[in-house]
Amino acid sequence: MAVPDRSDAAGAFAPIDSVDFGAFTVPTEQPESDGTLKWDATTIVVVEVHAGDATGLGYTYAAPAAANIVRDTLASVVTGRDPVANGAAWAAMVHAIRNQGRAGVVSSAISAVDVALWDLKAKLLGLSVADAIGRSHDAVPVYGSGGFTGLTDAELTDQLGGWADQGLAAVKMKVGRDAAADPHRVEVARRAIGDDVELFVDANGGYTRKQALLVATTFADLGVRWFEEPVSSDDLAGLRLVRDRAPAGIDVTAGEYGYDLPYFRNMLAAGAVDCLQADVTRCGGITAFLRVGALADAECLDVSSHCAPQVSAHACAGLWHLRHLEYFADHIRLESMLFDGVLEPVDGALRPDPDRPGLGIELKRADAERFRHPGSAS
């Protein structure tokens with residue numbers, strides 16, 4: 001794709017002229033649960049930003065209310081702007097939502113628009129998003145993530161064992177709903193994947209501090225090397241306690257609920273984690289995700305990306321201290337249902353294609369419309 005000469009105003013890219021959005025709620029195949037939550041559907045909010053003949057696509061996993069934030073506040077903020085000046089658009093969005101609060105659906109909405117702007121910019125430049133960012137990695141290692149607490153032993157074995165058979169180097173399961181049952185479930189998982197695949201556990205804040213310390217020893221004996229949110233991610237002192245006292249070889253991790261940079265700064269300052277997590281569709285989009293990576297770089301810690309693999313693969317390619325990307329069961333299924341061009345793991349990693357501009361995905365409109373949330377049309 002030819003790149004216009006921006007030294008001549010007549011050759012500049014057309015400004016952003018419109019923003020479309022929609023929320024789509026897709027039922028899960030069966031009810032799902034983790035240590036602290038149960039659900040039977042997943043909602044994705046999709047944003048499309050248009051500039052002339054080019055369209056950028058972004059999305060977030062959030063409540064349908066995130067689409068209302070796009071409609072009522074963010075669309076007008078980015079309309080008329082230079083489509084390749086991502087930083088200026090991001091700052092304007094953050095400024096515009098001051099009285100609405102930053103965390104939760106507001107930051108998720110900003111994330112979706114920011115991702116769409118990066119997709120648009122990359123397409124205009126004829127680059128993949130990974131290359132528009134500037135790659136540190138060609139391949140992004142992934143780990144299979146699911147193992148919901150409601151699964152039977154046989155279902156747990158099939159899901160985790162299936163990822164191991166696909167060549168993924170690690171898998172993760174949910175714990176924390178029933179502390180007494182968790183050692184047995186983790187033992188089932190270990191048998192399913194064998195000794196050569198890493199086993200991670202995620203409590204989603206479901207344990208007390210003392211429970212987390214107790215089960216950490218059992219988990220370590222079963223070869224668990226990753227203990228995610230053993231206590232609430234808001235309990236920085238509790239995370240630090242578990243990190244300091246857990247058996248050697250277990251990394252304590254958290255960060256997926258970070259919505260702004262001070263959250264991540266505070267987590268790092270508390271010494272709460274061995275590896276920092278961040279969700280590109282929550283933290284403020286690719287623009288903010290790269291800044292989270294810089295905070296981790298300053299502490300010589302790795303970053304692990306939370307979910308949304310089709311966006312995260314590109315964002316992660318631009319991180320220096322990258323550990324891996326969570327290849328989450330619900331998002332794998334939903335993104336394959338709603339998008340053409342999805343990346344799939346090869347040799348345990350996702351590889352953004354440099355020959356496909358942007359994120360390399362397109363919305364399957366007819367398929368998506370079946371799941372549109374009422375009242376979420378542009």
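These notebook entries record what I looked up in one predicted model of a protein chain.

**Ground rules**

I number residues from 1 along each chain as its sequence is written, and I leave hydrogens and water out, so that side-chain values use heavy atoms. Since the model is predicted, local features need pLDDT of at least 70 and side-chain atom pairs count only at pLDDT 80 or more, while totals for chains, interfaces and linings use all residues.

**Entry: the chain as a whole**

I began with the secondary structure, which comes to 13 helices and 14 strands; helices (H or I, at least four residues) and strands (E, at least two) are DSSP runs, numbered from the N terminus. For the overall dimensions, I noted that the C-alpha trace spans about 65 × 40 × 35 Å along its principal axes.

Of the contacts with a separation of 6 or more, 71% are between residues 24 or more positions apart; contact means heavy atoms within 4.5 Å.

**Entry: pockets and the cavity**

Grid points are joined across faces, edges and corners, and a volume is the space filled by probe spheres set on the points.

The largest pocket has a volume of about 600 Å³, and of the 27 residues that line it, L37, W39, Y257, R282 and H331 lie nearest its centre. I traced its lining to several elements, with β2 (38-51), α3 (105-125), β11 (322-328) and α12 (329-338) each supplying at least two residues, and with β2 giving the largest share, four residues. By class the lining has eleven nonpolar, eight polar and eight charged residues, taking Ala, Val, Leu, Ile, Met, Phe, Trp, Tyr, Cys and Pro as nonpolar, Asp, Glu, Lys and Arg as charged, and the others, Gly among them, as polar.

The second largest pocket holds about 310 Å³ of space; 13 residues line it, and E29, E32, F148, Q159 and A329 are the closest to its centre. Here β1 (18-33), α5 (153-165) and α12 each supply at least two lining residues, and the lining divides into five nonpolar, three polar and five charged residues.

My search of the whole structure found one cavity of 30 Å³ or more. The largest cavity has about 40 Å³ of space and is lined by H314, G341, L343, P352, D353, R356, G358, L359 and G360, which divide into three nonpolar, four polar and two charged residues.

**Entry: helix α10**

Helix α10 (residues 285-298) has 14 residues and reaches 20 Å from its first C-alpha to its last, close to the 20 Å expected at 1.5 Å a residue, the expected span being 1.5 Å times one less than the number of residues. I listed G285, I286, T287, A288, F289, V292, G293 and A296 as buried in α10. Just after this helix, C300 takes a positive phi of about 60°.

**Entry: single residues**

I also noted positive phi in two further residues other than glycine. N204, with phi near 50°, sits in the loop between β6 (198-202) and α7 (209-221) and is buried at a relative accessible area of 7%. A308, with phi near 45°, sits in the loop between β10 (302-305) and α11 (309-317) and counts as buried at 1% relative accessibility.

Within α11 I looked up S312, which counts as buried because its relative accessibility is 0%. Leaving aside neighbours within four places in sequence, S312 is in contact with V280, S305, H306, C307 and L325.

Lastly I turned to H95 in helix α2 (residues 86-96), which is exposed, with a relative accessible area of 65%. The C-alpha atoms of H95 and V77, 18 residues apart along the chain, are separated by 9.7 Å.

Key: Buried < 20%, exposed > 50% of the residue type's maximum accessible area, 1.4 Å probe, protein only. 1 Å grid on protein atoms, 1.4 Å probe; cavity = no way out; pocket = protein on both sides within 12 Å on 5 of 7 lines; lining within 4 Å.
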